[in-house]
Amino acid sequence: MTPEEEAESLRSRLEQWNAEYYRYDAPTVTDSEYDRSLNRLRDLETQYPQLLHPDSPTQRVGAAPLEGFASVTHALPMLSLDNAFNEADLAAFDARVRERLGIQEVSYCCEPKLDGIAVSILWESGELRQAATRGDGTTGEDITMNIRTIDCIPLSLSGHAVPELLEVRGEVYMPRDGFEKFNARARAEGTKPFVNPRNAAAGSLRQLDSRITRRRPLAFCAYSLGRVESGEMLPETHSETIKMLSGWGIPVSGLFQVVTGVGACENYYSDMAKRRDDLAFDIDGIVYKVDNLAQQERLGAVSRAPRWAVARKFPAQEESTRLLDVEFQVGRTGAVTPVARLEPVFVGGATVSNATLHNADEIERLDVRVGDMIIVRRAGDVIPQVAGVVQDQRPPESEEIVFPQHCPACGSVLLRQEGEAVWRCNDGLLCPAQRRGALAHFVARRAMDIDGMGEKIIDQLIVHDLVGDIADIYALTFDQLVSLERLGEKSALNLLQAIEASKKTTLAKLLYAIGIREVGEVTARQLAAYFGSLEALAGASPAQLLEVEDVGPVVANNISRFFQEPANLAIIEKLVNAGLQWPAIGEGSGDGMPLSSQTWVVTGKLDSMTREDAQERLRRLGAKVSNSVSGKTTCLVAGPGAGSKLKRAQSLEIEIIDEQQLLARLASLES
């Protein structure tokens, strides 16, 4: 046997053994035999460098440390999931789905919710090219080198009709057995053990030295698709999609089940709750997804969560501890929140020393006092909360919690609107706590995206009275910035450049950034598209505002009150005078915009702009932009590399244009 033939044979055997161990849980060789074969292949590749393939099992060993993680922008956002905390919440979710679809019963794919770290992995021409963390849903960190060290993730896909481009979303986790062995070794070596498997997985993925990640017992489970460019038609259901991924060698859960109706969903939940402690990995609930992909498309998404999926958490974990004190914090909107300071307690996989008491009504309902033995509840990443009081352990010296009448930050009188449970400080930006919150929100990446202006810089700007409102950011000078603690000349110049760059924005981003109560990114985009200009929005009545999708009476009144406040109008005028500008969208209602009532899809590579830029320009003209082609699609913009979306558009006889035709059409409509 030649060295080439032996190397190929070893690679084939090792990949087969990996599949048997990780995908089928049925190993046919001992660890020692696997190790001997791996070492032999490594020797051959060292002796004959031309035999070394990038997808060789030996290339999972890790590489030298990186100086930092590069950023990766997700072509399709990695959405979060809304939660259902009980049977009533799940029933309400099912009712909403059935109502929107106009059908009596819905088939759901039920899957265990692994307690790990969400990642995106990209294969091109069957070869693993890139991996990234979820991050904020839009931008994550490049963890390709670390992902390549995880044995169960194929470096090269196999099977029939592998797509030219395949992006898969899933969860990286640490199995319980590996977690226990790792911690036992850490304790024996005198190093710090991990708190729980989820923290272990997160810490392992964030190693700049992938050789460290290689030594961690990590695993991966795929749960959905991202981008796909394929010449083949994809399955019509989520469950068939999961099976398809398995056929290409990608690990998936063998515990998913397709059921019909909310009753069957509850049965699956109960069954998995009983099996939870016997599984080889941690799960913290069940994810329910509408199985039919066309129905998913019809349902769409709101904010950062899809309408077609929900996570039903298992009962929250609870522990008892002592309530030491209560502090009152003031948020961006003036809401005053009581925060319980606790005797530290380990609950839900973490040590908790703070918990929320929500509001004055909750304090009264719980009849909680300082000094009480309380029950603290923590579920996953949800903020810990005080869930109850152990009344028979109340000490004689316990003290009643008195909700303040004045703002803890500025001393102004707190007010409570009728129908609200929250007490608020109404001093607005005169209150330093609200000013801090408003500034932090304004400069955030999803708002004005002023890189380098973090909380410590904002605190110093407030302490030195350099900013009185968000518009004052644009009056900051180099001398003012360089005088701040730990801000050198280069950092000051970079910050000034970021401030200047932020002046070119969009109306939607501005509306989100200025902090109108309960106006998030999606609502801001809908308001911008509907009214077309800031002047039209500012002059709109609550009745006109209610015409915008997803704007209800409360949000409409918040918007109307915001633009009736002279101080807010003065700040907007200052922003405009400082040079903030955004492209005109057009006047009047959304129905009068050139592409209103149309649905567009952009796919493939564009040369003159990014796909995101093209989508934003289409939105400004009133179009709805979708990520998939359906019978409702008006037009498909297809650049080089367009795959399955192009074929589907052709089969549905949908209009298809290229980049040059798109540019010409945009130019005519925007003029």
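Helices, written H, are DSSP runs of at least four residues and strands, written E, of at least two, both numbered from the N terminus. The model described here is predicted.

With that naming, helix H22 covers residues 611-620. At the start of H22, Thr 610 places a side-chain oxygen within 3.0 Å of the backbone nitrogen of Asp 613. After the helix comes Gly 622, which has a positive phi, near 100°. The buried residues of H22 are Arg 611, Ala 614, Gln 615, Leu 618 and Arg 620.

Two pairs of packed helices come next. Such a pair is described by the angle between the two axes and the distance between them.

Helix H20 (residues 553-564) packs against helix H21 (residues 566-577) at an angle of about 75°, and their axes are 5 Å apart. Angles of 65 to 115 degrees count as roughly perpendicular, so H20 is roughly perpendicular to H21. On the H20 side the contact involves Phe 562, Phe 563 and Gln 564, and on the H21 side Pro 566, Asn 568, Leu 569 and Ile 572. Sorted by class, five of the residues in this contact of H20 with H21 are nonpolar, two are polar and none is charged.

H20 also contains Asn 558. Is Asn 558 buried or exposed? Its relative accessibility is 7%, and residues under 20% count as buried, so Asn 558 is buried. The side chain of Asn 558 makes a polar contact of 2.8 Å with the side chain of Arg 561. The Asn 558 side chain also reaches the backbone oxygen of Arg 517, at 3.5 Å. Leaving aside residues up to four places away in sequence, Asn 558 touches Ile 516, Arg 517 and Glu 518.

The other pair is helix H3 (residues 87-101) and helix H9 (residues 262-275), which pack at an angle of about 140° with axes 10 Å apart. H3 and H9 are therefore oblique to each other. The crossing of H3 past H9 is right-handed. H3 contributes Glu 87, Leu 90, Ala 91 and Asp 94 to the contact, while H9 contributes Val 262, Cys 265 and Glu 266. By class, four residues in the contact of H3 with H9 are nonpolar, three are charged and none is polar.

How values were computed
Residues are numbered from 1 along each chain as its sequence is written. This is a predicted model: local features need pLDDT of at least 70, side-chain atom pairs count only at pLDDT 80 or more; totals for chains, interfaces and linings use all residues. Side-chain values use heavy atoms; hydrogens and water are left out. Axes are lines fitted to C-alpha atoms, for helices over the stretch in contact, and angles run from 0 to 180 degrees between N-to-C directions. Angles under 35 degrees count as roughly parallel, over 145 as roughly antiparallel, 65 to 115 as roughly perpendicular and the rest as oblique. A crossing is left-handed if the near helix is turned anticlockwise from the far one by less than a right angle, and right-handed if clockwise. Contact means heavy atoms within 4.5 Å. Ala, Val, Leu, Ile, Met, Phe, Trp, Tyr, Cys and Pro count as nonpolar, Asp, Glu, Lys and Arg as charged, and the others, Gly among them, as polar. Buried means under 20% relative accessible area, exposed over 50%, partly exposed in between (1.4 Å probe, protein chains only). A polar contact is a pair of N or O atoms within 3.5 Å; within protein, one must be able to donate a hydrogen and the other to accept it, and residues adjacent in sequence count only if both atoms are side-chain atoms.
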